[in-house]
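Let's take a walk through a protein structure together. Have a look at the picture below, and then we will go through its parts step by step.

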2 protein chains.
Amino acid sequence: MSRGDQPIAVFDAGLGGLTVVRALRRILPQENLVYLGDTAHLSGGNNSPEIIERATLQGGAWLARLNPKLLVIACTSASVHGLAALQAAAPCPVIGVIEPGAEAAALASGPLGVIGSWATIASGAYPEAIHRRNPAALVHSLACPLLASFAEEGWLDDPITDAVCRRYLNQIPFEAHTILLTSTHYPILLPSLARIRPGANWLDCAELTAKAVERLLRGGLGWATASARGGLRILLSDPSPRFLEMGERFLGAPLQSVEGVAI
Amino acid sequence: MSRGDQPIAVFDAGLGGLTVVRALRRILPQENLVYLGDTAHLSGGNNSPEIIERATLQGGAWLARLNPKLLVIACTSASVHGLAALQAAAPCPVIGVIEPGAEAAALASGPLGVIGSWATIASGAYPEAIHRRNPAALVHSLACPLLASFAEEGWLDDPITDAVCRRYLNQIPFEAHTILLTSTHYPILLPSLARIRPGANWLDCAELTAKAVERLLRGGLGWATASARGGLRILLSDPSPRFLEMGERFLGAPLQSVEGVAI
C-alpha cells in the first residue's frame with residue numbers, strides 16, 4: 001500500500017470533531033478516515049492542560065497503531081494542550097485546528113472575534129497564533145461554554161439557542177466583522193449565529209482544518225488512489241446511545257457501525 | 001478516635017455533589033466532611049454504565065483510605081450505576097442519592113415528575129425505586145441535559161434559564177404537582193424552576209440525601225463529638241480554575257484550599 005492509501009486518523013476528546021470529518025468527506029471524498037472519540041474520558045473544554053495533554057497522547061498512540069499518513073487533532077482543547085507532545089511522539093505528521101483557524105483569521109481585515117470553550121479562551125492560544133502572523137490584529141476573545149451544550153442537545157433553529165448566541169455575541173464589539181468559531185461543536189450552530197450577526201464573516205475551524213489537510217496531501221503526503229468513495233471508521237471509547245445520537249448531528253449523517261474501544 | 005469522629009466522605013464525578021455537602025453542613029454542622037470530585041474523568045450524565053461504575057469504584061477506593069464512617073455517592077449517575085459495586089467493595093456503609101429521593105417521591109400524592117440527566121432517566125432507576133415503595137405511583141420522567149450546563153455556567157435568575165426550564169417543564173403534565181430534582185446540579189436552579197411552576201412541591205435530592213445521612217448517624221453510626229464546626233476538605237482530580245469557579249456556585253461558599261489528587 002502506498003502512503004497515499006493509508007488512512008487519515010482524526011482524534012477528538014468527544015464528538016464535535018465529527019464536523020471536521022464531515023468537512024473532510026466533502027472536500028476529500030476518496031480518502032479513508034478513522035475517527036477516535038475519547039468519550040469515556042474527557043469533558044472537554046473545562047479540563048486543565050495536563051489532563052488534556054495526557055488524554056491526547058493516549059488517543060494519538062492508539063490511532064498511530066493503524067499506520068495513518070496523517071493525524072488530525074479535531075478538538076480545540078486537545079490542539080492547544082496536546083499538539084506539541086503528540087507531534088514529538090507520533091510516527092507521522094500531526095496537525096491541530098489552531099493553526100488553520102489562526103491563519104485565516106490573521107488575513108481578515110479589521111477587529112476579530114474569537115469564540116470558544118473556557119479552556120480554549122483561557123489558554124490564549126488563538127490570539128497568540130494570530131499575532132504571530134499579524135501583530136497588529138485586534139482580537140476580542142470570548143468563552144461561550146453553553147454553545148457546545150446546545151450543539152450537543154441539538155436545539156438547532158430554535159429561539160432559545162438564538163437567545164444564548166445573542167447573549168454571547170453581544171459581548172463582542174460590532175466592529176468585529178470576522179468571527180472565528182474555534183470549537184468543532186460550533187459549525188452546526190452557524191444558522192443561529194448568522195441570524196444574530198447577519199453579514200458577518202464566519203470562519204469555521206472544521207472547514208479550515210479540512211482545507212489544511214488537503215494542502216498537506218497535495219504538498220507530499222499523497223492522495224488515496226482508489227476511485228471509489230473512501231471508508232469511514234468511527235471508534236468511541238464510550239459508545240453510549242446518547243453519544244451516538246449526538247454524533248449524528250455533528251457528522252450530519254447516520255453513524256454506521258460504531259466500534260467501542262478501550263483506551 | 002471513636003467512629004462518630006471519623007469523617008463522612010462524599011464522592012461525585014464532578015461538582016454538583018457540592019450541593020449535598022452544602023446541605024450536610026447546614027443539617028450536620030459539627031461533622032467532618034471530605035469531598036472528592038473526579039473532575040478529570042467523567043462528563044457525568046452522558047456516559048455508559050460500565051464507565052460510570054469503574055470511576056465510582058476508583059473514587060470510592062480512594063476515599064475509603066481516609067477511614068470514613070460513611071461514604072455518600074453525591075452523583076445521580078454514579079448512584080445508579082456504581083452504588084451496588086461500591087457497597088460490595090467498601091469497608092463502611094455507602095449510600096447514594098436515589099433511595100432518599102425515591103422514598104420522598106413515593107410518599108407524594110398524585111402524579112410525579114422526575115427530571116434528570118440523560119443517563120439517569122435512561123436507566124429507569126427512579127421509577128423502579130418509586131414503584132418498589134408505591135406500585136400505583138404515576139411517574140413522568142424527563143431528561144433535561146441542558147439544565148446541568150446552565151447550573152455550571154451560573155446563569156441564575158436569568159430569563160434564558162427560565163425559558164430552558166419552561167421548555168422542559170412544559171413536557172411534564174401539569175397534574176404532576178410533585179417534581180423530584182434527581183441531579184445534584186439542580187438545587188441552584190430551584191428559583192428558575194419555581195417561577196415556571198409556582199406552588200409545585202419540589203423534592204431536592206441534595207437535601208433529602210443529607211437528611212438520610214442524619215438518620216444513619218442517629219441510627220448507629222454516631223455523631224462527631226467535637227463541639228466546634230466540623231472541617232471540610234475538598235479534593236479534585238482536576239482542580240482547573242473553571243472547576244473552582246463552578247464549585248463555589250454549588251457549595252454556596254468560597255472553596256478554600258482545594259487539594260488536587262491523582263485517581
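Two strands count as paired if DSSP finds at least two bridges between them. With that idea in hand, please keep in mind that the model shown here is predicted.

Strand 9 (residues 232-236) of chain B and strand 10 (residues 259-260) of chain B run parallel and are joined by two bridges. Which residue of strand 10 of chain B is the bridge partner of B:Leu235? The partner is B:Glu259.

Strand 9 of chain B also pairs with strand 2 (residues 33-37) of chain B, again in the parallel sense, and here there are five bridges. If you look for B:Leu33, you will find B:Leu232 of strand 9 of chain B standing opposite.

**The four-stranded sheet of chain B**

Now move on to another part of chain B. Four strands make an open sheet there, in the order 6-5-7-8, with parallel pairing. Strand 6 (139-143) and strand 8 (201-204) of chain B have a single partner strand each, so one side of each of these edge strands has no neighbour in the sheet. On average, neighbouring strands of this sheet are turned by 20° against each other, direction ignored.

What holds strands of a sheet together? Strands pair through backbone hydrogen bonds, either parallel or antiparallel. In chain B, strand 5 (residues 112-116) and strand 6 pair in the parallel sense over five bridges. Within this pair, B:Gly113 stands opposite B:His140 of strand 6 of chain B.

**The sheet of chain A and a helix on it**

Chain A has an open sheet of four strands too, with the order 6-5-7-8 and parallel pairing. Its edge strands are strand 6 (139-143) and strand 8 (201-204) of chain A, and each pairs on one side only. Strand 5 (residues 112-116) of chain A runs parallel to strand 6 of chain A, and five bridges join them. One bridge to find in the picture links A:Ile115 with A:Leu142 in strand 6 of chain A.

Helix 4 (residues 98-107) of chain A packs on this sheet, where it touches strand 5, strand 7 (178-181) and strand 8 of chain A. The direction of helix 4 makes about 180° with that of strand 7 of chain A.

Helix 4 of chain A also takes part in a salt bridge. The side chains of A:Glu99 and A:Arg132 meet in this way. Because A:Glu99 lies in helix 4 and A:Arg132 in helix 6 (residues 125-133) of chain A, the pair ties together parts that are 33 residues apart in sequence. Over all chains, the structure holds 28 salt bridges.

| Residue pair | N to O distance |
|---|---|
| A:Glu99 and A:Arg132 | 3.5 Å |
| B:Arg167 and A:Asp158 | 2.6 Å |

**Where the two chains meet**

How are the two chains related? Chain A can be laid on chain B with an RMSD of 0.0 Å by a turn of 180° and a shift of 0.0 Å along the axis. The two copies are therefore related as by a two-fold rotation axis. Both copies use the same surface: 100% of the contact residues of chain A recur in chain B.

How many residues does each chain bring to the contact? Chain A gives 31 residues and chain B gives 31 residues. About 2,600 Å² of area is buried between chain A and chain B, with 60% of this coming from carbon and sulfur atoms.

Across this interface there are two salt bridges and five residue pairs in polar contact. On the side of chain A that touches chain B, helix 7 (145-153), helix 8 (159-169) and helix 11 (241-251) of chain A are the elements that give two or more residues. Helix 8 of chain A provides the largest share of that side, with six residues.

Conventions
Residues numbered from 1 in each chain as written. Chains lettered and ligands numbered in written order. Predicted model: local features only at pLDDT ≥ 70, side-chain atom pairs only at ≥ 80, totals over all residues. Heavy atoms only, no water. Least-squares fit on C-alpha atoms with pLDDT ≥ 70 in both. Contact = heavy atoms within 4.5 Å. Axes fitted to C-alpha atoms, helices over the stretch in contact; angles between N-to-C directions. Buried area = accessible area lost by both parts, 1.4 Å probe. Salt bridge = Lys/Arg side-chain N within 4 Å of Asp/Glu carboxyl O. Polar contact = N/O pair within 3.5 Å; in protein donor to acceptor, adjacent residues only side chain to side chain.
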